[in-house]
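Colleague: I am new to this structure and would like a close look at a single part of it. Could you take me through that part slowly, and then show me what else can be read from the model?

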Amino acid sequence: MTTFNGPDYFWKGAQTLKVPMELFKLNRQRLCEALRAHRTLPSESFVFLQGGASEMRYCSDHEPLFRQESYFHWAFGVIEPDFFGVINVHNGESILFIPRLPSSYVAWMGKIKETDEFKKIYHVDHVYYVDELEKVFNEIVGTSKLILVLNGLNTDSGKESKAASFEGMDKFHVDKTTLHPIISECRVFKTDLELDVMRYANKISSEAHKFVMLNIKDGMHEYELEALFQYYCQRHGGMRHMSYTCICATGENPAVLHYGHAGAPNDRQLTSKDMCLFDMGGEYYCYASDITCAFPVSGHFTKEQRIIYEAVLDANRQVMKSVRPGVSWTDMHLIAERTQLEHLKAAGLIQGDIDEMMNVRLCSVFMPHGLGHMIGIDTHDVGGYPDPQTRSSLPGLKSLRTNRLLQERMCLTIEPGIYFNQGLINNAYENEEFKKFLNRDEINKYLHVGGVRIEDDIVVTNNGCELLTVVPRTCDEIEEWMKYNDKQVIDKIDYKLFDELNKKHQYKNQDLTVKNK
């Protein structure tokens, strides 16, 4: 059961992380400071946010598992639905509005908490009921003061955030343009307390990936591996939510970037000859991890699998060594592309001048996505394209989820990949700019690899980056770890053995904090 110890922390019990409520108080303080620096705002303004709403599945009475709206969580840390929140920009005073629940709630859903309880739990100054919104706003705001609501475009999803509202709000002075870019920019830069949660989410998710690797067997189905990952995250990390739909791709499926959705539901039966691409991450208290591991089901790389894997790993590490404040994320993407093209040329899959390949955007045939993205409360976190930045229209680069200059405390994923998507490759054979570089006979030898992606989470430091993800990465490390696969750890529920193996095997990136000159 989730525990709140007065105003001190959120905790899922046992060995899980305690998250202090100070995290959200500090976020509110940072937001107020940023808004006060906005010279056009009047001396007294009020941020007004609406939390996520409780919903039913279609016309049924089934209530899906609730997950809080991300901006609201960032500001208040509330886990329940149907809340509203207010922040006085001038003095930082905070108010929560809670739903007035019916007496029948006790029998079906549990204890009804009073306003004073929520005040202590979430470390806010005042708590009222939602049906008191207009009354309270009349008292504290009046018609002369400004209400700032969230209304703006998410540049990843293309969807608009929902502006908070209540009946009678039309008589107040409302600003729909100021808040969104400022609170989004606050979310881009993580505090020490936020980084602690992200380190924890990465630690547990890394262990879950290793657990899957140790228990994969010829003849299993992809969904079984998804289940093992989710089991470990919740059993050992208190992570009831995944950061996104798990991608458990084997065989030819790794060539599909977002495999695992409803139309491709992780249902293939794998074989010992397959390469796996498992993109899975758990979230803790709404903070995400996003990790992709690629490895052979057999535990031993074939020549072709090793060549492609080492190309992607080299690209990943070259980027990691280049990351520092002030560098362009677009340039990091180009480093990854050039590194992978050099490996593909050395292996004979492509031929010709690397600079020419870069100019015509050849790598987009093998890596159609961007290098990575912001990560935080959302997997694809906000702030990737603050106005007036625009996306490139060039292949590959147009898929970048940000093109910003990196700054300290930004958190991003580094996820280069090489994919043998038959449709994209066939189109490239017909492309006048591409086809002269492609060696069809050699490429055909690699189609069975499907695809390889290596994804790590980092935080930009003052002179490089800190690697948050801790999994075996080199081919030798993966093969060494997977040789224990025959122990049938999951079948015996032998956690002691799993812990012993973890302590025995340390990886080159275990304590990697890259300091770049």
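Modeller: A residue is called buried when its relative accessible area is under 20%, exposed when that value is over 50%, and partly exposed in between. With that in mind, and remembering that this is a predicted model, we can begin with strand E15, residues 411-414, where Cys411 and Thr413 point one way while Leu412 and Ile414 point the other way, and all of them are buried. Strand E15 is joined by 4 bridges to strand E18, residues 456-460, and the two strands run antiparallel; within this pairing, the bridge partner of Cys411 in E18 is Val459.

What the side chain of Asp290 does make is a polar contact with the side chain of His373, at 2.9 Å.

Turning to a helix, H9 covers residues 303-322, has 20 residues, and reaches 29 Å from its first C-alpha to its last, which is close to the 28 Å expected at 1.5 Å a residue. Among the buried residues of H9 are Gln305, Ile308, Tyr309, Val312, Arg317 and Met320.

Two loop residues complete the picture. Leu153 lies in the loop between strand E8 (146-149) and strand E9 (173-175), and it counts as partly exposed because its relative accessible area is 45%. Leaving aside neighbours within four places in sequence, Leu153 is in contact with Gly158, Lys159, Glu160 and His180, and although Leu153 and Pro386 are 233 residues apart in sequence, their C-alpha atoms are 9.9 Å apart in space. Gly110, in turn, sits in the loop between helix H3 (105-108) and helix H4 (115-122), and its relative accessibility of 23% is why Gly110 counts as partly exposed. The C-alpha atoms of Gly110 and Gly299, which are 189 residues apart along the chain, are separated by 48 Å.

Key:
Residues are numbered from 1 along each chain as its sequence is written. This is a predicted model: local features need pLDDT of at least 70, side-chain atom pairs count only at pLDDT 80 or more; totals for chains, interfaces and linings use all residues. Side-chain values use heavy atoms; hydrogens and water are left out. A polar contact is a pair of N or O atoms within 3.5 Å; within protein, one must be able to donate a hydrogen and the other to accept it, and residues adjacent in sequence count only if both atoms are side-chain atoms. Buried means under 20% relative accessible area, exposed over 50%, partly exposed in between (1.4 Å probe, protein chains only). Two strands pair if DSSP finds at least two bridges between them. The expected span of a helix is 1.5 Å times one less than its number of residues. Contact means heavy atoms within 4.5 Å.
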